[in-house]
Amino acid sequence: MLQASFSDMSMEINMDFGQASVVQKSILTSELIYSTISKLEIDIRYLPMNGKISGDYYNISTLANGIASVMIADVSGHGTQAALSTMQLHVLNKDTLDISNPHER
């Protein structure tokens with residue numbers, strides 16, 4: 001019975017990691033967006049250490065004045081806590097995209 005309970009718990013954790021992976025990948029800039037930025041050639045390899053989630057974050061946007069904004073971050077640690085921290089970075093980044101001077105952001 002203990003082994004069955006452990007197996008069920010392990011399956012549930014893997015499903016949670018899978019859902020977190022989908023959410024985390026959804027906040028990363030799609031190649032469809034960054035490949036259209038003129039005068040830049042960008043190539044990204046995103047390989048989470050555990051294959052699902054990580055503390056790595058990147059966002060590439062074009063600001064109103066035509067300047068490309070590139071944000072790259074690596075939250076210390078791995079796993080769920082680091083992945084949740086990247087969500088906070090994403091919100092902060094999106095909230096400041098109207099500020100074009102990097103030192104002000």
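**Chatting through a predicted fold**

Biologist: Let's start with Leu-28: buried or exposed?
Modeller: Leu-28 is buried, with a relative accessible area of 9%. Bear in mind that this is a predicted model.

Biologist: Noted! Where does Leu-28 lie?
Modeller: In the loop between α1 and α2, where α2 covers 31-34.

Biologist: And which residues is Leu-28 in contact with, leaving aside its neighbours within four places in sequence?
Modeller: Tyr-46, Asp-56, Tyr-57 and Tyr-58. For Asp-56, the C-alpha atom is 9.6 Å from that of Leu-28, and the two residues are 28 apart along the chain.

Biologist: Nice. Moving on to helices: how do α1 and α3 pack?
Modeller: Their axes are 10 Å apart and the angle is about 25°. Since angles under 35 degrees count as roughly parallel, that makes α1 roughly parallel to α3.

Biologist: Is the crossing left-handed or right-handed?
Modeller: Left-handed, as α1 passes α3.

Biologist: Which residues meet there?
Modeller: From α1 you have Phe-17, Val-23, Gln-24 and Ile-27, and they meet Thr-80, Ala-83, Thr-86, Met-87 and His-90 of α3. Sorted by class, this contact has five nonpolar residues, four polar ones and no charged residues.

Biologist: Staying with α1, what about Ala-20?
Modeller: Ala-20 lies in helix α1 as well. With a relative accessible area of 26%, Ala-20 is partly exposed. Its C-alpha atom is separated by 33 Å from that of Gly-66, which is 46 residues away along the chain.

Biologist: And Ser-7, what does it count as?
Modeller: Ser-7 counts as partly exposed, at 41% relative accessibility. It too sits in helix α1.

Biologist: Switching to the strand: where is the place of Ser-61, and is Ser-61 buried or exposed?
Modeller: Ser-61 is in strand β1, residues 56-62. Its relative accessibility is 10%, so Ser-61 counts as buried, the cut-off being under 20%.

Biologist: Which side chain is joined to that of Ser-61 by a polar contact?
Modeller: That of Asn-59, at 2.7 Å.

Biologist: What else does Ser-61 touch, if we skip residues up to four places away in sequence?
Modeller: Ile-67, Ala-68, Ser-69, Lys-94 and Leu-97.

Biologist: Okay, on to Thr-96. Where is it found?
Modeller: In the segment after α3, a helix that runs over 80-95. Thr-96 is buried, with a relative accessible area of 13%.

Biologist: What does the side chain of Thr-96 reach?
Modeller: The backbone oxygen of Leu-92, at 3.1 Å.

Biologist: Last one. What is the phi of Lys-39?
Modeller: Positive, about 70°, although Lys-39 is not a glycine. I'd point that out because most residues other than glycine have a negative phi.

Biologist: Great, thanks for the tour!
Modeller: Any time!

Key. Residues numbered from 1 in each chain as written. Predicted model: local features only at pLDDT ≥ 70, side-chain atom pairs only at ≥ 80, totals over all residues. Heavy atoms only, no water. Helix = DSSP H or I, 4+ residues; strand = E, 2+ residues; numbered from the N terminus. Buried < 20%, exposed > 50% of the residue type's maximum accessible area, 1.4 Å probe, protein only. Polar contact = N/O pair within 3.5 Å; in protein donor to acceptor, adjacent residues only side chain to side chain. Axes fitted to C-alpha atoms, helices over the stretch in contact; angles between N-to-C directions. Parallel < 35°, antiparallel > 145°, perpendicular 65-115°, else oblique. Left-handed = near helix turned anticlockwise from the far one by under 90°. Contact = heavy atoms within 4.5 Å. Nonpolar A, V, L, I, M, F, W, Y, C, P; charged D, E, K, R; others polar.
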